[in-house]
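User: I would like a close look at one part of this model, with the cut-offs behind each term spelled out. Please set that part in the context of the whole chain.

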Amino acid sequence: NWSEEVFKQINDGGLSAVHVTICYHEDFQEMVQNIIDWNRRFESYSSLIFHGKSPGDVLKAQNEGRTAIFFGFQNCSPIEDDIGLVEVCHQLGVRFMQLTYNNQSLSGTGCYEENDSGVTRMGKEVIKEMNKLGVVVDMSHSAEKSTLDAIKVSSKPIAITHANPSFWFAAKRNKSNEVLKALAKSGGMIGLSL
């Protein structure tokens with residue numbers, strides 16, 4: 001429920017950057033509408049927020065007393081079955097994309113599937129395109145093999161932006177020691193989930 005009040009709270013809290021989900025299961029056109037909605041917010045609340053697109057925007061936000069809003073996908077559904085849409089999404093300002101959101105996608109296996117076949121052939125090509133463009137590969141809701149595959153396939157470190165170690169709590173999307181070690185060895189990062 002984004003609003004001026006929420007943006008003021010974020011600003012008062014001193015947050016220089018926020019990763020905002022602009023897609024759960026939307027297709028490309030629905031995701032574009034979400035971006036249109038955000039563009040209106042950027043215009044209406046420009047003294048509080050702006051669209052973040054690079055690491056330098058975090059420092060810019062800090063220096064200006066504003067918050068950089070970074071776009072991310074919980075799911076790769078907006079690229080539909082067209083790898084070329086990865087580039088279009090990047091041009092629209094998307095900087096994070098999960099290959100799966102709990103269930104099987106065209107790119108990989110989600111953490112709630114019984115059979116984890118790993119990153120798909122399409123998923124491997126999607127990862128290569130994401131690496132080329134500078135879109136972070138996020139495996140927060142992906143299954144074990146898919147996450148390990150993404151770490152191996154990606155030429156850049158991946159991120160698990162919101163999950164926890166399985167040894168803390170054995171939830172399906174939390175990550176095993178094997179995944180955490182492979183992630184650390186590859187230079188990737190994990191953001192803990194409340």
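Is Cys111 buried or exposed, and what is its relative accessible area?

Analyst: This is a predicted model, in which local features need pLDDT of at least 70 and side-chain atom pairs count only at pLDDT 80 or more, while totals for chains, interfaces and linings use all residues. Residues are numbered from 1 along each chain as its sequence is written, and side-chain values use heavy atoms, with hydrogens and water left out.

Cys111 is buried, its relative accessible area being 10%, where buried means under 20% relative accessible area, exposed over 50% and partly exposed in between, for a 1.4 Å probe and protein chains only. The closest cysteine sulfur to that of Cys111 belongs to Cys76 and lies 14 Å away, which is too far for a bond. A disulfide is taken as a pair of cysteine sulfur atoms within 2.5 Å, and a search of the whole structure finds zero of them. Cys89 is likewise buried, at 2% relative accessibility, and its sulfur is 8.4 Å from the closest cysteine sulfur, in Cys23, again too far for a bond.

Both Cys89 and Cys23 are among the residues in contact with Phe73 when neighbours within four places in sequence are left aside, contact meaning heavy atoms within 4.5 Å. That set also includes Ile22, Met31, Pro78, Val94, Phe96, Met97 and Gln98. Phe73 is found in strand β3, residues 67-73, and counts as buried at 2% relative accessibility. Between the C-alpha atoms of Phe73 and Thr100, which are 27 residues apart along the chain, the separation is 9.5 Å.

As for the chain around these residues, the protein has seven helices and seven strands, these being DSSP runs numbered from the N terminus (H or I, at least four residues, for helices; E, at least two, for strands). Along the sequence they follow the pattern α-β-α-β-α-β-α-β-α-β-α-β-α-β. The radius of gyration is 17 Å, close to the 16 Å that the globule rule gives for 194 residues, so the protein is as compact as a globular protein of that length; the radius is taken over C-alpha atoms, and the rule is 2.2 Å times the number of residues to the power 0.38. Buried residues make up 50% of the 194 residues, and of the contacts with a separation of 6 or more, 60% are accounted for by residues 24 or more positions apart.
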